[in-house]
Amino acid sequence: MRTHYPRTPHLPWSPGASSDDVRMTDLAALAGTEVVVTEKLDGENTTLYADGLHARSLDSAHHPSRTWVKALQARIGPRVPQGWRICGENMFARHSLAYDALESHFYGFSVWDGDRCLGWDETAGFLRSLGIPVPPVLWRGVFDAKALRALKVDTGRQEGYVVRPAASFPAAEFGRVVGKWVRPGHVVTGTHWMHAEVVENGLASAAALWAVRSGAPIDASALAAAVGADPARAAGPDAGAISAPTAPAPDAPDAPAALRTADALDALGLTGDHRLAGVLAALLHTTRRTALAPLLTDPVGMPLARRVADLVGLYPALHRPYPDEDRRAGLARMALAADLSVLHALSGALADTPGAREQVEWSALHAEEVREPEGLAEAFTDLGPEAAARCLAQAREAYAAGRISTAWEAVAATWRWRSGDFPRLVQLAGPSGSGKSTFGRGLPGVATYLSLDDLREARGSRADQGANGDVLREGLDRLDAALVPGATVVWDATSLNPHQRSLVHAVAHRRDALVTHAVAWIGEAELAARNGRREHPVPPQVLASQLHRFVPPYPGQAHRTWYIGTSGTVEDRA
């Protein structure tokens, strides 16, 4: 069933309303509700369905500007549930405003299940899974007319903004809860855009990322450019850290691997961030994992960047023989860091011997049995955040070990941690200058802060590495004494590799502590710049050695993991 998109009324203070436009005269329905304010884009209102599309008019005829969005609908249509529709802006043709850095030629602003408009977060998540961006969010909060009136709009490049509830709402409420602000004189062309020559709006480099999410054919060079990869530095397994973004070479890093992986993911019906993560991992699989996440954080964000890096770190393990009796447990632990379907598709595409391909195929069969118990993540929502994190982590480990198979069993198996009466350990990890100490010292409620640098300084010099063994033993003894129920302790050391972290873990395990890895993961260039500004810089060769030895922990190697980016804040949690 085709549905005409309703006319959006103007907010009372909208200067672009004409005499025949509809205005909101009563804002009572928005009072006290959380709203989302998005940029109003100057495009053609378009609705996509599982089996077709139309512009605002249900019988809209063919127009050259609609060819691109028709191809998009053909790709995503099979993944749109029956009875659902996606409403958005077809941005292919220039109307009154010229755009030169769009993320896509189609932006979705609402998703409807029959007569119900999905909430904003559900809308954005569903659209992202299809490879459709949403308009920029300009403001979010409890409705405040004064705050919205104060929003600054660049009328030279923005048409206006739209206000809608953050929560779901029925179609009957549309005219009372959705309103727009439009710039004065927003139509400045003398000839209607449909009767003029089609001028295509420009795309940003990030459009290549959204194209991959939507299932489009892979343009490896455009994808490499979008993430700032330098093919010359990602040419081999021993390559160093990726440099700052440079002009991409004509041939992207391992384009054939990216194409093979895309084919494998398409065969599994995987799209959105799953497809993008797998393709990026294949494209950049020769880049060191340590360098990969910082390279990708700016274009795709830390959560996806970390997932790509973890895929690159984990896929070779599937090429090697593994004891079948331990394989399911190993895969269950891997699943905490990577989607197993994506991991096997990537590993299969990169397998270069018959033996390796056979191992991946055998592993994939075992992976079909790895299904986290339904409702496990929700089983501990009645607890405090730290008790919930502890219980969930313990339950997942019990599932990996084969001791539980249902959420009810998980609750029974974790009763001893439900009170939260256990010590808390935050173990910092990262090279010198990565910001881990600044982050750790800013944590609230810390009872004991153990810094190996401070212990060395107390012995005479923080730069003296000659007594590291004694300093470490002193630190571990102090840690053992500080981990008492209810106390939060921070362990501040580089903790670069699993062996170094294991010494601290042994003490934490003995004291039954909740262990949090706080991983400071930033790029080589930023590290070098920060090191030059530090009060106590380390020699460049020492910093280079630390980077070479740095093996960031994977999710699941502690009860929870925080990933700290260049911002100095937690940008991803696992």
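Me: How many salt bridges does the count come to?
Reply: The count comes to 30 salt bridges. Keep in mind that this is a predicted model.

Me: Let's take one. What does Asp51 meet in a salt bridge?
Reply: Its partner is Arg2, and the N to O distance between the two side chains is 3.0 Å. That pair links distant parts of the chain, 49 residues apart. Asp51 sits in the loop between β2 (44–49) and β3 (52–55), while Arg2 belongs to the segment before β1 (34–40).

Me: Is Asp51 buried or exposed?
Reply: Asp51 is exposed, because its relative accessible area is 55% and the cut-off for exposed is over 50%. Arg2 counts as partly exposed, at 34% relative accessibility.

Me: And what about Arg459, which residue does it form a salt bridge with?
Reply: With Glu474; the closest N and O atoms are 3.3 Å apart. Arg459 is partly exposed at 47%, and Glu474 is partly exposed at 24%.

Me: Which residues are linked in a network?
Reply: Arg289, Arg306, Asp310 and Asp572 are, through salt bridges.

Me: Switching topic. Which side chain of opposite charge is nearest to Arg183?
Reply: Asp42, at 5.2 Å. Arg183 is buried yet has no salt bridge, because a salt bridge needs the nitrogen and the carboxyl oxygen within 4 Å.

Me: So what does the side chain of Arg183 reach?
Reply: The backbone oxygen of Thr155, at 2.9 Å. Arg183 also touches other residues beyond its sequence neighbours, including Pro15, Gly16, Ser96 and Glu159.

Me: Where does Arg183 lie?
Reply: In the loop between β10 (179–182) and α5 (207–213).

Me: Now the open sheet. What order do its six strands have?
Reply: The order is β12-β13-β11-β14-β15-β16, and the pairing is mixed. β12 (448–451) and β16 (570–573) stand at the edges with a single partner strand each, so one side of each has no neighbour in the sheet. On average, neighbouring strands are turned by 20 degrees against each other, direction ignored.

Me: How do β12 and β13 pair?
Reply: In the parallel sense, over four bridges. Leu450 stands opposite Trp491, which is in β13.

Me: What packs on the sheet there?
Reply: Helix α18 (residues 468–482) does, touching β11 (424–429), β12 and β13. The direction of α18 makes about 170 degrees with that of β13.

Me: Which helix lies across β15 and β16?
Reply: Helix α10 (residues 302–314), running at about 55 degrees to β16.

Me: Back to β11. How many of its residues are buried?
Reply: Six of its six residues are buried. Arg424, Val426 and Leu428 are on one side, with Leu425, Gln427 and Ala429 on the other.

Me: Why two sets of side chains?
Reply: In a regular strand, side chains alternate between the two faces of the sheet. In β11 both faces are covered.

Me: How many bridges join β11 to β14?
Reply: Six, and the two strands run parallel. Ala429 has Val519 in β14 as its bridge partner. β11 also pairs with β13 in the parallel sense, over four bridges, and there Arg424 stands opposite Thr488.

Me: Last one: is Trp417 buried or exposed?
Reply: Trp417 counts as buried, because its relative accessibility is 8% and buried means under 20%. Trp417 lies in the loop between α15 (407–413) and β11.

Me: What is Trp417 in contact with?
Reply: Leaving aside neighbours within four places in sequence, Trp417 is in contact with Ala387, Arg390, Cys391, Gln394, Phe422 and Asp512.

Methods
Residues are numbered from 1 along each chain as its sequence is written. This is a predicted model: local features need pLDDT of at least 70, side-chain atom pairs count only at pLDDT 80 or more; totals for chains, interfaces and linings use all residues. Side-chain values use heavy atoms; hydrogens and water are left out. Buried means under 20% relative accessible area, exposed over 50%, partly exposed in between (1.4 Å probe, protein chains only). Lys and Arg count as positive and Asp and Glu as negative; His and the chain ends are not counted. A polar contact is a pair of N or O atoms within 3.5 Å; within protein, one must be able to donate a hydrogen and the other to accept it, and residues adjacent in sequence count only if both atoms are side-chain atoms. Contact means heavy atoms within 4.5 Å. Two strands pair if DSSP finds at least two bridges between them. Axes are lines fitted to C-alpha atoms, for helices over the stretch in contact, and angles run from 0 to 180 degrees between N-to-C directions.
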